[in-house]
Amino acid sequence: MILIVDDKPENIFSLRSLLESKGFQVDTALSGEEALKNVLKKDYALIILDVQMPGMDGFEVAETLAGYSKTKEIPIIFLSAVNTDKKFITKGYASGGIDYITKPVDPDILMLKVKTFYRLYEQTLALNEVKKRLQQEVESRKQAQEELKIKVDFLHMVLETIPQIAFTVDSNGQITFVNENWFKYSKSPVDFPEVHPEDTLINILFETHIESGEPFEAEIRIRNVIDKTYHFHLLRIIPLKEGDMVSSWVGTFTDIEDQKQVENKKDEFLSIASHELKTPLTSIKAYIQLLERLVKQEGNVSTYIHRAQDQVIKLESLIADLLDISKIENGKLKVNFVSFDLENLIGNAIDTILHTHEHLDMVIEREGEPLSVEVNADAIRIEQVLINFLTNAIKYSPGSEKVIVQTGINDGQAFIKVKDFGIGIPKNKQEYVFSKFYRVEESSVKFQGLGIGLYICAEIIKQHHGTYGVESEEGKGTTFYFSIPLN
Ligand code: ADP
């Protein structure tokens, strides 16, 4: 719609007729004030404004219109009796079109200008619409980006708090984030940790799975940058998807070195245990075959019966140890507390050792104050500990002349030490000898054993609220000790 502003109704009439005859919709105002009221209420594509009017003149009206955001874009054609200097035109009137027509109005010129401005106005409106939509688009993208950033920051924060090594990778396989733990295994935030030469490289693992977009995991050894050793880790990588597309991957390395070692120890233990159990059984079988033959000839059978018995005792003690292990694992290793004399127990244990080691070529000496005291403990279990210490002392000191049993009372505790002069235990291995299935590598080939005796001893002493330990020097000998409270 076009607004004609003129204080003379006859001017308005002729202009209106002209414009309406060309198909334009027209509105009118007889003063500047009325024109301003109209523009606030309605939308106009063009204003034809008489300059000389009583009250507000045309320039003042234009200046006011330039101040409103709603009207500042509307093009204006001034109708002026005289050719007015353009410098009077309001400053802020920047974007709207402005033109002049001097009176008397030439209808053809006026129509040309009206059509041009009308088109201009329509184009401005269309442009504004596009601009608005673009702005909305930019806004919503900005918001989406901010939301994404919050999510990514949250993910990174979570990855920082977990005990594993964690990282993210973009859809091209480039590392985009690593947590603090990463630097224990890689010096650079963009390079994967060094993998054991026998394991598959992480990049290759990744490349083979990136196509499928499916999560995957693998057990690999990676190298610690500080101690330079390889540790078994479980590598787990999962895709993060936006719709159907994988946008990035989140990966973790979980340290499974201890687990692996326990698994290896268990496998090793099973193979040793079956071997150990088989040896006495094979001997028993052989002796029984011999006995059978001798019985037929009615010869002297007692030597073979004795040997078979020895092997049965060995087998019995192996099986007892295995049973103890399973009892400890189920929390069922119970101790029966009764009062007894410790010195008697030591005597019995030494007798048992001498009895079971027929050809022993060393002596068992006693040192220290005799333990003629009553203790409240499980006599069978305490004797088992002492027999175990003595058996080990003899086993791991071939060729030496003696083993010493040293006793005494200290701080309300009765202590017993078994000292040998054998092969000793390397310093860095001493802390492990009471662990389940542990055997010192250096001696495990030469000496038979399951690596469970000391573990059971430690459990028994713990149940008595006592203390235990080892002191040793390689090549010189070892002292195992334990103590139990007197009351
Ligand atoms: P094992 O059946 O192997 O002897 P133990 O649990 O009794 O099992 O002992 C664990 C390991 O501790 C042994 O394998 C051995 O390496 C070491 N050990 C135990 N006693 C002695 C000792 N008196 N001297 C040297 N090494 C010992």
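An open sheet of 5 strands runs in the order E7-E6-E10-E9-E8, with antiparallel pairing. Its edge strands are E7 and E8 (216-223), each of which pairs on one side only. From one strand to the next, the twist averages 25°. The model is predicted. The chain is assigned four parts: domain 1 (2-129), domain 2 (162-255), domain 3 (260-329) and domain 4 (338-485). The centres of domain 1 and domain 4, taken over C-alpha atoms, are 114 Å apart.

**The antiparallel sheet**

- Strand E6 (residues 165-170) pairs with strand E7 (residues 175-178) in the antiparallel sense, over 3 bridges.
- Val169 has Ile175 of E7 as its bridge partner.
- The hairpin of E6 and E7 has 4 residues between the strands. Gly173 of this hairpin takes a positive phi near 90°.
- At the other edge, marked by E8, 8 bridges join E8 to strand E9 (residues 230-242). E8 and E9 run antiparallel.
- Glu217 stands opposite Arg236 in E9.

**The mixed sheet**

- An open sheet of 5 strands has the order E12-E14-E15-E17-E16, and its pairing is mixed.
- Strand E12 (363-368) and strand E16 (467-473) form the edges. Each pairs on one side only.
- Neighbouring strands of this sheet are turned by 15° against each other on average, direction ignored.
- Strand E15 (residues 413-419) pairs with E17 in the antiparallel sense, and 7 bridges connect them.
- Ala414 faces its opposite residue, Ile484, in E17.

**The ligand shell**

- The ligand is surrounded by 21 residues. The closest are Asn392, Tyr396, Asp420, Arg439 and Leu454.
- By type, the shell residues divide into 10 nonpolar, 8 polar and 3 charged.
- Three elements each supply at least two shell residues: helix H9 (379-395), helix H11 (453-463) and strand E17 (477-485).
- H9 gives the largest share of the shell, with 4 residues.

**Polar contacts and cover**

- Asn392 has a polar side-chain atom 2.9 Å from an oxygen atom of the ligand.
- Ser443 also places a polar side-chain atom by a ligand oxygen atom, at 3.2 Å.

**Backbone details to check**

- Most residues other than glycine have a negative phi, and most peptide bonds are trans.
- Lys228 has a positive phi of about 60°, although it is not a glycine. Lys228 lies in the loop between E8 and E9.
- Lys103 and Pro104 are joined by a cis peptide bond, with omega about -5°.
- Pro104 is found in the loop between strand E5 (98-102) and helix H4 (107-161).

Terms used:
Residues numbered from 1 in each chain as written. Predicted model: local features only at pLDDT ≥ 70, side-chain atom pairs only at ≥ 80, totals over all residues. Heavy atoms only, no water. Domains from an automatic or database assignment. Near = heavy atom within 4 Å. Polar contact = N/O pair within 3.5 Å; in protein donor to acceptor, adjacent residues only side chain to side chain. Nonpolar A, V, L, I, M, F, W, Y, C, P; charged D, E, K, R; others polar. Pairing = 2+ DSSP bridges. Axes fitted to C-alpha atoms, helices over the stretch in contact; angles between N-to-C directions.
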